[in-house]
Amino acid sequence: MPYFSYFPTTKYPFTDDGTITTTITNVLKRMRVLTRVQSNILFYDTYFVTEHDTPEIVSEKAYGSPDYHWIILLINNIANINYDWLLDARQFNRFVEKKYTGDKIILEDGFHLVYETNEKIVDETTHSATHNADAIKQYEDVDGDIVPEGTAGATAISNRTYEETLNDNRREINILKPQYLAQFVNEFKQNIGK
């Protein structure tokens, strides 16, 4: 059954006097899994998302139906599938190139380069150019903590590497164990209508 079929409905008036109405679903209603339930590992299995998995595919694998994709999103606090779910290589590259565009291209002397910034077209001679996506975002120590530039043993982390780490962290998600699926759906149906 589709996710929004569980949501409450209301009569919406199309005229000022209320004589013409239609029934609409309250899609703004929200619920979340309680933190104490969400952190109880007894209810979940760990699943490693592959590059071409979608929530529907994961739902099909876990529950035999794509209809429970919303449970996977809810349990993992995924509000926006376009930013909170694992991006495949093509999506990731487009995302990084778009996010880190603009006039922060790092230039060094020696070779001819033409590029566009937000305000103008620049024609320069340089040795090399580094797109902002590959520019240094921060420095980290061996524990992954951010440290000042010049700290002994610190590693330079580019914008791209930083985004790759965030994207890789999306690979591991929780899947509600199938034996709890019916109970979860029933409790959701009861509570979403309140």
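Q: Is Asp168 buried, partly exposed or exposed?
A: The model is predicted. Asp168 has a relative accessible area of 40%. Buried means under 20% and exposed means over 50%, so at 40% Asp168 is partly exposed.

Q: With which residue does Asp168 form a salt bridge?
A: A salt bridge needs a side-chain nitrogen of Lys or Arg within 4 Å of a carboxyl oxygen of Asp or Glu. For Asp168 the closest N and O atoms of the pair are 3.4 Å apart.

Q: Which residue forms a salt bridge with Asp134?
A: The closest N and O atoms of the pair are 2.7 Å apart. Asp134 lies in the loop between strand 5 (121–130) and strand 6 (136–140), and its partner, 26 residues apart from it, lies in helix 6. The partner is Arg160.

Q: Is Arg160 buried or exposed?
A: The cut-off for buried is under 20% relative accessible area. Arg160 has 17%, so Arg160 is buried.

Q: How many residues apart are Glu97 and Arg160?
A: The side chains of Glu97 and Arg160 meet in a salt bridge, at 2.8 Å from N to O. The pair links distant parts of the chain, with Glu97 in helix 5 (residues 89–99) and Arg160 in helix 6 (residues 159–169). Glu97 counts as partly exposed at 31% relative accessibility. The separation of Glu97 and Arg160 is 63 residues.

Q: What span should helix 7 have at 1.5 Å a residue?
A: Helix 7 covers residues 181–192, which makes twelve residues. The expected span is 1.5 Å times one less than the number of residues.

Q: Within what arc do the buried residues of helix 7 fall?
A: The buried residues in helix 7 are Leu181, Phe184, Val185, Phe188 and Ile192. Seen down the axis of helix 7, they line one face of the helix, because they fall within an arc of 95°.

Q: Which exposed residues does helix 7 carry on the face turned away from its buried side?
A: The buried side of helix 7 includes Phe184 and Phe188. What covers the buried residues includes helix 2 (55–63), helix 3 (69–75) and strand 9 (172–176). The face turned away from that side carries the exposed residues Ala182 and Gln190.

Conventions:
Residues numbered from 1 in each chain as written. Predicted model: local features only at pLDDT ≥ 70, side-chain atom pairs only at ≥ 80, totals over all residues. Heavy atoms only, no water. Helix = DSSP H or I, 4+ residues; strand = E, 2+ residues; numbered from the N terminus. Buried < 20%, exposed > 50% of the residue type's maximum accessible area, 1.4 Å probe, protein only. Arc of directions from axis to C-beta. Contact = heavy atoms within 4.5 Å.
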